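Please consult the sequence and the model shown here.

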Amino acid sequence: MLRLGIPVVGVTDIPRAVAFWTAALPLVAVEEWSSETWRTLAYADGSGHALGLLRSDSPPEPRPRLHLDLFTDSAQEQQAEVRRLIGLGARAVEWDLYPPDPDFVVLADPDDNVFCVVDLSRAPSGGGPAA
């Protein structure tokens with residue numbers, strides 16, 4: 001039976017990516033499938049795999065069709081997490097596609113992979129509270 005695995009992020013520096021994503025989220029690097037070109041990150045509570053990091057020489061897409069959303073529960077938490085992630089090595093991205101009063105902030109990881117920090121108290125994006 002086919003089933004969905006985990007999202008995989010292409011990176012140029014596996015150790016740097018492991019350091020960033022394990023500091024950004026409650027994840028730990030596991031040895032399963034580990035190699036010079038691959039690391040699996042799992043939930044720190046042992047509940048399963050969460051993210052794959054794959055060595056890649058291709059450049060990141062400036063507007064990827066597929067990306068990670070990281071969730072917060074309030075605007076204050078979102079602001080604090082954005083500041084924390086930037087302190088870990090992420091950077092703010094100039095994003096000309098924001099809707100009016102966006103519920104998300106676009107950042108890029110140290111490998112320039114774009115991801116969003118979403119305030120769920122205002123989701124869905126641009127549409128007001130969920131019905």
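The points below treat the sheets, the helices laid across them and the contact between the helices.

The model is predicted: local features require pLDDT of at least 70 and side-chain atom pairs count only at pLDDT 80 or more, while totals for chains, interfaces and linings use all residues. Residues are numbered from 1 along each chain as its sequence is written, and side-chain values use heavy atoms, with hydrogens and water left out. Helices (H or I, at least four residues) and strands (E, at least two) are DSSP runs, numbered from the N terminus.

**Annotated span**

- The UniProt record, an unreviewed entry, places the feature "domain: Glyoxalase-like" at residues 9-118; UniProt positions follow the numbering used here, feature names are shortened, and annotations may be inferred rather than shown by experiment.
- Residues 9-118 are 23% helix and 38% strand, and the end C-alpha atoms of this span lie 19 Å apart.

**Sheet β1-β4-β3-β2**

- Four strands form an open sheet in the order β1-β4-β3-β2, with mixed pairing; two strands pair if DSSP finds at least two bridges between them.
- β1 (8-11) and β2 are the edge strands, each pairing on one side only.
- Neighbouring strands of this sheet are turned by 30° against each other on average, direction ignored.
- β2 (residues 27-35) pairs with β3 (residues 38-43) in the antiparallel sense over 5 bridges, and a hairpin joins β2 to β3 through 2 residues.
- Ser35 has Trp38 in β3 as its bridge partner, and Val30 stands opposite Thr40 in β3.
- Helix α1 lies across β1, β2, β3 and β4 (49-55) and runs at about 155° to β4; axes are lines fitted to C-alpha atoms, for helices over the stretch in contact, and angles run from 0 to 180 degrees between N-to-C directions.

**Sheet β5-β8-β7-β6**

- A second open sheet has 4 strands in the order β5-β8-β7-β6, again with mixed pairing.
- β5 (68-72) and β6 (91-92) each have a single partner strand, so one side of each is left without a neighbour in the sheet.
- β5 pairs with β8 (residues 114-119) in the parallel sense over 5 bridges; Phe71 has Val118 in β8 as its bridge partner.
- Helix α2 lies across β5, β6, β7 (104-108) and β8, at about 155° to β8.

**Contact between α1 and α2**

- The axes of α1 (residues 14-24) and α2 (residues 75-88) come within 10 Å and cross at roughly 160°.
- The two helices are therefore roughly antiparallel (angles over 145 degrees).
- Phe20, Ala23 and Ala24 in α1 meet Arg84, Leu85 and Leu88 in α2, contact meaning heavy atoms within 4.5 Å.
- By class, this contact has 5 nonpolar, no polar and 1 charged residues; Ala, Val, Leu, Ile, Met, Phe, Trp, Tyr, Cys and Pro count as nonpolar, Asp, Glu, Lys and Arg as charged, and the others, Gly among them, as polar.

How values were computed: Parallel < 35°, antiparallel > 145°, perpendicular 65-115°, else oblique.
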